Amino acid sequence: MLRLLLVFMICWTNELCAQQYYSYSFSGTTGDFQELEAKILKIEGISSCKIRVKEEVSSGEILLELLPYTRQDDNKNPDPLIQLKRVITDAGLEPKDLTEIKH
């Protein structure tokens with residue numbers, strides 16, 4: 001019984017502290033996707049970012065890796081996905097679907 005409890009706690013902790021992966025699709029075009037990627041990487045809580053663009057249909061997707069969430073009492077660390085949507089719209093793009101990538 002103790003082993004079962006230990007295994008359960010290890011699995012739960014691993015799931016709680018695991019990084020999360022997301023795909024955010026968008027439509028539209030912008031002049032410099034490298035600059036957009038740099039702005040996204042400046043958002044606290046995002047550890048990596050890759051932008052894939054389909055120029056022929058003026059759309060693309062942003063692949064993200066988020067760090068495990070750490071709660072702060074002063075709320076200085078708002079949700080990075082909310083900040084990401086703001087960066088996307090500020091670049092003149094229209095955000096579409098946000099999808100969590102399970103692995």
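Helices (H or I, at least four residues) and strands (E, at least two) are DSSP runs, numbered from the N terminus.

I noted that the model is a predicted one, in which local features need pLDDT of at least 70 and side-chain atom pairs count only at pLDDT 80 or more, while totals for chains, interfaces and linings use all residues. Residues are numbered from 1 along each chain as its sequence is written, and side-chain values use heavy atoms, with hydrogens and water left out.

At the N-terminal end of α2, I found D32 as the cap, with a side-chain oxygen 3.2 Å from the backbone nitrogen of Q34; a polar contact is a pair of N or O atoms within 3.5 Å, and within protein one must be able to donate a hydrogen and the other to accept it, while residues adjacent in sequence count only if both atoms are side-chain atoms. I then checked how α2 is placed: it lies across β1, β2 and β3 and runs at about 155° to β2, where axes are lines fitted to C-alpha atoms, for helices over the stretch in contact, and angles run from 0 to 180 degrees between N-to-C directions.

Entry 2, the sheet. In what order do the strands of the open sheet stand? I read the order as β2-β3-β1-β4, 4 strands with antiparallel pairing, and two strands pair if DSSP finds at least two bridges between them. The edge strands are β2 and β4 (94-101), each of which pairs on one side only, and neighbouring strands are turned by 20° against each other on average, direction ignored.

I went through the pairs in turn. β2 and β3 run antiparallel and are joined by 8 bridges, with I46 opposite L66 in β3; their hairpin has 4 residues between the strands, and S58 takes a positive phi near 50° there. β1 and β3 also pair in the antiparallel sense, over 8 bridges, and S23 stands opposite L63 in β3. Between β1 and β4 I found 6 bridges, again antiparallel, with Y24 opposite L98 in β4 and I101 as the bridge partner of Y21. β1 is mostly covered, since 6 of its 8 residues are buried.

Which residues of α3 are buried? I listed P80, L81, Q83, L84, V87 and I88; seen down the axis of α3, they fall within an arc of 155° and so line one face of the helix. On the other side of α3, I82 and D90 are exposed. What covers the buried residues of α3 includes β1, α2, β2, β3 and β4. At the start of α3, a side-chain oxygen of D79 reaches to within 3.2 Å of the backbone nitrogen of L81.

After α3 comes G92, whose phi is positive, near 85°, and whose place is in the loop between α3 and β4. G92 counts as exposed because its relative accessibility is 54%. The C-alpha atoms of G92 and S27 are separated by 9.4 Å, although the two residues are 65 apart along the chain.

I looked up L64 and, leaving aside its neighbours within four places in sequence, found it in contact (heavy atoms within 4.5 Å) with residues including Y22, I40, I46, L81 and L84.

How values were computed: Buried means under 20% relative accessible area, exposed over 50%, partly exposed in between (1.4 Å probe, protein chains only). The arc is that of the directions from the helix axis to the C-beta atoms.
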